Amino acid sequence: MRLSEDAMFAAVIESNPRYDGRFFYGVKTTGIFCRPSCKSKVPNRDNVVFFAGLSEAVAAGYRPCKRCRPDLGPVYAPEEEMVQAALGIIDREFADPALLRELPGRMGVSSSQFRRLFKKRVGEAPRKYLQQVRVAKAADRLKTGSANNTEACLAAGFTNLSSFYAAFRRETGLTPRQYRQVHDQAGWGE
Ligand SMILES: [Zn+2]
């Protein structure tokens, strides 16, 4: 059953733990989101926004409260939600060279927790997964001929050409130049 916003805000005022897992609320002025049971100060109603799930809150740019840890806990399969949210962020922000370092903090967990949970759900370590995404994005650019190697490298979030070449080779078995040639031939029948 869907809760009305009035009912959700009443639960927030009461810090009512019976509503934990049914929704989260974010505070626009701080960019933090909480469980209904959070004991932090009740925000002004106008500044509150409600979310049905963790991934929704994270996708809207909110960070988990350090006090009530809406990203953890027994309710609402938070690990699955957290990993799903992380995958969404990687898909959108792969080009940010600092992403891997910052992601665990953004999800409100330690680096080692993040690695463990990510690997358990995805089957790859976050570093490896991100590298695959970056190589795939760079390969797309090379394929369409819209970028040279340096442009494709930087646009995909690699910080230098040698790590780009190494990763590209590891994932595709080809150098970027070979990859482009193979694709040109396939695409244009030259
Ligand atoms: Zn909180």
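Here is a quick tour of the domains, cysteines and pockets in this structure.

It's a predicted model, so local features need pLDDT of at least 70 and side-chain atom pairs count only at pLDDT 80 or more, while totals for chains, interfaces and linings use all residues. Residues are numbered from 1 along each chain as its sequence is written, and side-chain values use heavy atoms, with hydrogens and water left out.

**Domains**
- The protein splits into domain 1 (1-70) and domain 2 (140-188), with bounds from an automatic or database domain assignment.
- Taken over C-alpha atoms, the centres of domain 1 and domain 2 sit 44 Å apart.

**Cysteines**
- The disulfide count is 0, where a disulfide is a pair of cysteine sulfur atoms within 2.5 Å.
- Cys34 counts as buried because its relative accessibility is 4%; buried means under 20% relative accessible area, with a 1.4 Å probe and protein chains only.
- Cys38 is buried too, at 2% relative accessibility.

**Pockets**
- A pocket here is an open set of points on a 1 Å grid over the protein atoms alone, where a 1.4 Å probe fits, with protein on both sides within 12 Å along at least five of seven lines; lining residues have an atom within 4 Å of a point.
- The largest pocket holds about 300 Å³ of space, counted as the space filled by probe spheres set on the points.
- Its lining has 14 residues, and Leu100, Arg127, Gln131, Arg134 and Phe158 are the closest to its centre.
- The second largest pocket has about 160 Å³.
- Lining the second largest pocket are 10 residues, with Arg2, Met8, Arg22, Phe23 and Ala52 nearest its centre.

Terms used
Buried < 20%, exposed > 50% of the residue type's maximum accessible area, 1.4 Å probe, protein only.
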